[in-house]
Every structure is written in structure tokens, then in C-alpha cells.
Amino acid sequence: MIRGILFDKDGTLVDFFSLWLQAATEVTPAFLKENQLKDDSEMIDYVLKAMGVENGKVDPRGALAYKSYQEIAEDLCRALEKKGIILEKGSVQEQLERLFDQSVTGRNVDYRQLTDIKKVMRRLKERGICVGLATADTMRSAKNCLERLGTFQEFDYVGADDGIKRPKPEADMFLEFQNKFSLKPEEIAVVGDTYNDVVFAKNNGGVAIGVLSGVSSKEDFRGEADYILDSVQELPELLERIS
């Protein structure tokens with residue numbers, strides 16, 4: 001029986017593309033300028049591809065789709081090394097975190113809910129389910145998003161990149177959530193839009209629920225996720241069926 005649910009944020013509860021794809025196109029030229037590198041279209045496309053974005057499409061297993069800033073920085077540094085450009089990974093991580101943070105927390109940013117988050121969370125709580133967030137985003141950015149949407153108080157737990165916890169699919173956020181509410185691993189479902197969320201669930205003994213509202217298709221989840229939904233809006237009905 002499911003007694004706790006960990007939600008991914010972007011692509012699961014909030015529209016990924018209007019937020020992060022747009023941010024990537026803004027951040028990339030700014031990043032290149034800060035490092036006094038060419039910011040022509042060829043170099044911009046190269047950096048975007050290193051982050052998992054090509055021809056305006058996001059690779060569901062690429063860095064932008066699910067990785068932490070530390071991991072994105074590592075991928076980007078490796079790609080730039082192939083062009084003979086050596087940058088310090090820690091500095092690149094700091095730059096990416098700062099530039100993306102500026103982009104996704106600005107006053108004019110439109111956080112688009114993929115469903116009525118409050119309604120879904122309250123329906124789950126009526127069933128006695130603990131609800132949490134497990135995101136690769138920074139804690140500051142995640143809280144800003146949820147507060148702007150008026151949904152922060154709906155979550156019993158918020159796990160994000162705080163510089164201490166390891167990112168998904170490592171166990172840190174899963175175990176923190178599990179221990180906080182005295183849950184068994186098999187009582188926890190992870191709901192997310194990437195294969196990484198599925199691995200996060202499976203590696204830690206949880207139930208993997210993939211949603212098609214973000215970067216992934218059915219084919220990306222088939223044979224891996226325990227359940228596949230079009231969106232989290234269908235989650236209460238799924239729980240009704242499997243309880």
C-alpha cells in the first residue's frame with residue numbers, strides 16, 4: 001500500500017519547457033560571455049547540446065532533463081575540453097547555478113502548473129498519504145517556485161540540491177523522506193517524468209510512476225516504470241485501483 005509519494009517538480013508538477021528550455025537558451029550565451037568565449041550560434045549550439053538540448057528539443061536522458069548543477073558542470077567541462085577549453089568545474093557549477101537561478105526565479109517568470117497541485121495534494125492527504133518533493137533544482141529555486149504558486153505548504157517534505165544531499169538517483173532524499181514519516185521503502189512511490197526518477201525509485205525499493213507531461217515518452221518508460229500516467233492528475237485514480 002502506498003503511504004508516501006515523492007514528486008519530481010519540473011515536467012511533473014510544473015511545465016518543464018517554458019521554464020528550463022527557455023532558461024537554457026538565455027543562460028548559454030551569458031555563460032560564454034562570462035568566460036570570454038565565442039558566443040556565436042555554433043558555440044551556443046555546442047554548449048546546449050552538451051546540456052542535452054539540440055534543435056530546440058530536450059534529450060530525456062540529457063543533463064538538463066534531470067541532472068544537478070554539479071553534474072551539468074562536469075558534462076559541460078568535458079565537452080569544452082574537446083575544443084581545447086579548460087575551465088574549473090567548481091567555477092562552472094557556480095556560474096550555472098547563479099545564471100539559471102536568475103533566469104528561473106525572476107519576477108516575470110511564469111510557472112505553469114501541469115495540474116491543480118493543491119487539489120491533487122489534498123486528495124492524496126485525504127487518503128492519509130504523506131507528500132514530498134525530490135528535485136534536482138536548488139532549494140532556493142524550488143521554494144521560490146512553490147511559494148509563487150501558493151503550494152509550498154501542501155508538501156510535508158521538500159528535498160532539493162542544498163549542497164549536501166546527493167542528487168537523484170542516490171538514496172539521500174528517499175531515505176530522508178522515508179525516515180521522517182517512518183515508511184517502508186515499498187510504501188513510497190516516486191512520480192516523475194524521466195528515467196532517472198524511475199531509477200531513483202527502483203534503486204531504493206520504491207514504486208516507480210512515470211508521467212508523460214514532461215520530457216519523456218512511453219517508450220522511455222516502457223518495461224521500466226511500474227505505472228505510466230499521462231499526468232499526475234490521474235494519480236488519485238491509480239491509487240484507488242491499486243490499493
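**Close-up A. The lining of the second largest cavity, by residue class.** In this predicted model, the residues lining the second largest cavity divide into 5 nonpolar, 1 polar and 1 charged. Here Ala, Val, Leu, Ile, Met, Phe, Trp, Tyr, Cys and Pro count as nonpolar, Asp, Glu, Lys and Arg as charged, and the others, Gly among them, as polar. The lining is made of Met1, Ile2, Arg127, Ile129, Leu239, Ile242 and Ser243, and the volume is about 60 Å³. A cavity is a set of points, on a 1 Å grid over the protein atoms alone, where a 1.4 Å probe fits but cannot get out, and lining residues have an atom within 4 Å of a point. Grid points are joined across faces, edges and corners, and the volume is the space filled by probe spheres set on the points.

A word on conventions: residues are numbered from 1 along each chain as its sequence is written, and side-chain values use heavy atoms, with hydrogens and water left out. Local features need pLDDT of at least 70 and side-chain atom pairs count only at pLDDT 80 or more, while totals for chains, interfaces and linings use all residues.

**Close-up B. The largest cavity and its surroundings.** The model has 3 cavities of 30 Å³ or more, and the largest holds about 200 Å³ of space. Its lining has 18 residues, with Leu64, Ala65, Tyr66, Lys67 and Ala136 nearest the centre. Two or more lining residues come from each of α3 (63-66), α4 (69-81), β4 (130-138) and α9 (195-203); helices (H or I, at least four residues) and strands (E, at least two) are DSSP runs, numbered from the N terminus. By class, the lining has 8 nonpolar, 3 polar and 7 charged residues.

**Close-up C. Ile5 within the largest nonpolar core.** This core has 65 residues, and Ile5, Phe7, Leu96, Phe100, Leu124 and Leu235 have the most contacts inside it. Helix α1 (residues 17-34) gives the most to the core, with 8 residues. A nonpolar core is a set of buried Ala, Val, Leu, Ile, Met, Phe, Trp, Tyr and Cys residues joined through side-chain atoms within 4.5 Å; buried means under 20% relative accessible area, exposed over 50%, and partly exposed in between (1.4 Å probe, protein chains only). Leaving aside residues up to four places away in sequence, Ile5 touches residues including Leu124, Phe177, Val191 and Leu235, where contact means heavy atoms within 4.5 Å.

**Close-up D. The salt bridge between Arg122 and Glu154.** The closest N and O atoms of this pair are 2.7 Å apart. Arg122 lies in helix α6 (residues 117-126) and Glu154 in the loop between α7 (139-149) and β5 (157-161), so the pair ties together parts that are 32 residues apart in sequence. Arg122 is partly exposed at 44% relative accessibility, whereas Glu154 is buried at 4%. A salt bridge is a side-chain nitrogen of Lys or Arg within 4 Å of a carboxyl oxygen of Asp or Glu, and the structure holds 23 of them.

**Close-up E. Further salt bridges.** Arg112 and Asp110 meet through their side chains at 3.3 Å, N to O; Arg112 is partly exposed at 45% relative accessibility, and Asp110 is partly exposed at 46%. In the salt bridge of Asp172 with Arg166, the closest N and O atoms are 2.7 Å apart. Asp8, Lys168 and Asp197 are linked in a network of salt bridges.

**Close-up F. Thr151 in its loop.** Thr151 sits in the loop between α7 and β5 and is buried, at 1% relative accessibility. Beyond residues up to four places away in sequence, Thr151 touches Ile117, Lys118 and Leu146.

Terms used:
On a 1 Å grid over the protein atoms alone, a cavity is a set of points where a 1.4 Å probe fits but cannot get out, and a pocket is an open set with protein on both sides within 12 Å along at least five of seven lines; lining residues have an atom within 4 Å of a point.
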